[in-house]
Amino acid sequence: MITRNEKPASRTRDRIVDASLRLFVSQGIAGTTTRDIAKEAEIAEGTIYRHFESKETLAAEIFMETFKPLSKALVLLEGAEGPVLERIGKTVDHFYRLFDENPTRWVYVMTYQTGRQSKLPPGTPTPFTLMLKMLKEGTASGELRDLDADLHTQVVLGMITQPAMGIVYDELDGPLAPRAAEVMQAIRKVLAP
């Protein structure tokens, strides 16, 4: 039964997005056809085109629908008052809550942005650019040891994201949020003077 607040087109779009996410993460965008998506979503293939211009548009829209709010949240965390290590800790907490809420979407966002398909608008803050800014700030203020900010940004992002990938590959048990403090402790050892 459809309620007044629930539109069939919206539910169909959600099914398309959910099916696409599962397939894009497991098979890659190039390895997924619209026929695969339709089968997974239990819809006719032509229905996809009522909601999305193409598979590539679908992939980009899923990415941007997730990435823009993530980017805005990270900008707020990066620009907040307080010590850099505290803000990095809040960033770790945020990433892990997102991952625990929807691991498939999180993996998609983190892998899509690095692929050839990535079409971020110029100037869009990314986890890399925001972490780099925090590390440079922390080094300049003396809160962090003197370090190669570009290299250590990659190291820190790896420390944050690798446990999530461990869960994806069944090498680590979830959820991640309860482990944020332990990951942050390791990050402090790498960055603190």
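I take contact to mean heavy atoms within 4.5 Å, and I keep to that sense throughout these entries on a predicted model.

**Entry 1: T91**

I began with T91, which I found in helix α5. Is T91 buried or exposed? Its relative accessible area is 5%, and since buried means under 20%, T91 counts as buried. Setting aside the neighbours within four places in sequence, I noted that T91 is in contact with L74, L77, M131 and M134.

**Entry 2: the largest nonpolar core**

I next looked up the largest nonpolar core, which holds 55 residues, and I asked which of them touch the most other members. These turned out to be I88, V92, Y108, I187 and L191. When I traced where the core comes from, I found at least two residues supplied by each of α1 (8-27), α2 (34-41), α4 (55-79), α5 (84-101), α6 (103-112), α7 (127-141), α8 (149-168) and α9 (180-191). The largest share, 9 residues, comes from α4.

**Entry 3: I187 and I160**

I then followed I187, one of the residues that touch the most other core members. Not counting residues up to four places away in sequence, I187 touches I88, V92, V156, M159 and I160.

I160 is buried, because its relative accessible area is 0%. Leaving aside neighbours within four places in sequence, I listed V92, F95, Y96, M131, V183 and I187 as the contacts of I160. I also checked I160 against N102: the two are 58 residues apart in sequence, and their C-alpha atoms lie 16 Å apart in space.

**Entry 4: helix α9**

I turned to α9 and asked how its length compares with what its residues should span. At 1.5 Å a residue, the 12 residues of α9 should span 16 Å, and the end C-alpha atoms are 16 Å apart, so the two agree.

Which residues of α9 are buried? I found A180, V183, M184, I187 and L191. They lie on the same side of α9, because they cover an arc of only 100° around the axis. I set beside this the general rule that an α-helix has 3.6 residues a turn, so residues three or four places apart point the same way.

I then looked at what lies on either side of this helix. The buried residues of α9 pack against α5, α7 and α8, whereas the face turned away from the buried side carries the exposed residues A181, E182 and K189.

**Entry 5: backbone in the loops**

I kept the backbone for the end, bearing in mind that most residues other than glycine have a negative phi, and most peptide bonds are trans.

Where does E42 lie? I placed E42 in the loop between α2 and α3 (45-51), and its phi is near 60°, a positive value in a residue other than glycine. E42 has a relative accessible area of 66%, and so it is exposed.

D170, in the loop between α8 and α9, also has a positive phi, near 60°, and is likewise a residue other than glycine. With a relative accessibility of 71%, D170 counts as exposed, because the cut-off for that class is over 50%.

The loop between α8 and α9 also contains P175, and here I noted a cis peptide bond that joins G174 and P175, with omega at about 0°.

Note on methods. Residues are numbered from 1 along each chain as its sequence is written. This is a predicted model: local features need pLDDT of at least 70, side-chain atom pairs count only at pLDDT 80 or more; totals for chains, interfaces and linings use all residues. Side-chain values use heavy atoms; hydrogens and water are left out. A nonpolar core is a set of buried Ala, Val, Leu, Ile, Met, Phe, Trp, Tyr and Cys residues joined through side-chain atoms within 4.5 Å. Buried means under 20% relative accessible area, exposed over 50%, partly exposed in between (1.4 Å probe, protein chains only). Helices (H or I, at least four residues) and strands (E, at least two) are DSSP runs, numbered from the N terminus. The expected span of a helix is 1.5 Å times one less than its number of residues. The arc is that of the directions from the helix axis to the C-beta atoms.
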